[in-house]
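Start by looking over the sequence and the fold.

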Amino acid sequence: MADLDSMNAQMDVNALVREEVVTDRKIGSIRVLTPITVDGMRDMNREVIYLGETQIMTQMGPLPISFEIKAKTLAEAVSGYAEAAKAGVEETIAKIEAMRREAATKIVTPGDAGFAATANKIQMP
């Protein structure tokens, strides 16, 4: 319980946003994050953020992809969605490939978490 007592779950009153989801119900959605003050009023000192969301199908099932859309208005975000989605998918695929390469070059040694699982599959002649 000491971990729960030391947990800081205080919200940052300077980073509050109101979230709205806009979708065409086909391709994906855009999350509109509108900065607000603690009183719920629009915080004009911070920019609205547009986050695109979509998914791609993989052998393991659907993989959610999130990406930022650089835009000043919802209309700009909608028109920039396709290009931002493409960049988001490319970035996600590059990260997955990097993780695959890293996993393929890792040497499993006694004491590693994965060693016990592989050691159980070793058969002696």
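Buried means under 20% relative accessible area, exposed means over 50%, and partly exposed lies in between (1.4 Å probe, protein chains only). This is a predicted model: local features need pLDDT of at least 70, side-chain atom pairs count only at pLDDT 80 or more, and totals for chains, interfaces and linings use all residues. Residues are numbered from 1 along each chain as its sequence is written, and side-chain values use heavy atoms, with hydrogens and water left out.

**Ser29**
- Ser29 is buried, at 13% relative accessible area.
- Ser29 sits in strand 2, residues 29–35; helices (H or I, at least four residues) and strands (E, at least two) are DSSP runs, numbered from the N terminus.
- Contact means heavy atoms within 4.5 Å. Beyond four places in sequence, Ser29 touches residues including Val21, Leu51 and Tyr81.

**Nonpolar core**
- A nonpolar core is a set of buried Ala, Val, Leu, Ile, Met, Phe, Trp, Tyr and Cys residues joined through side-chain atoms within 4.5 Å.
- The largest one has 13 residues; Ile30, Tyr50, Phe67, Ile69, Ala77 and Tyr81 touch the most other members.
- Strand 2, strand 4 (61–69) and helix 2 (74–105) each supply at least two residues.
- Helix 2 gives the most, with 5 residues.

**Aromatic pair**
- Rings of Phe, Tyr and Trp (its six-membered ring) pair if their centres lie within 6.5 Å; planes under 30 degrees apart are stacked, over 60 edge-to-face, the rest tilted.
- The whole structure holds 1 aromatic pair.
- The ring centres of Phe67 and Tyr81 are 5.5 Å apart with planes at 65°, so the pair is edge-to-face.
- Phe67 lies in strand 4 and Tyr81 in helix 2, so the pair ties together parts 14 residues apart in sequence.
- Phe67 is buried at 6% relative accessibility, and Tyr81 is buried at 10%.
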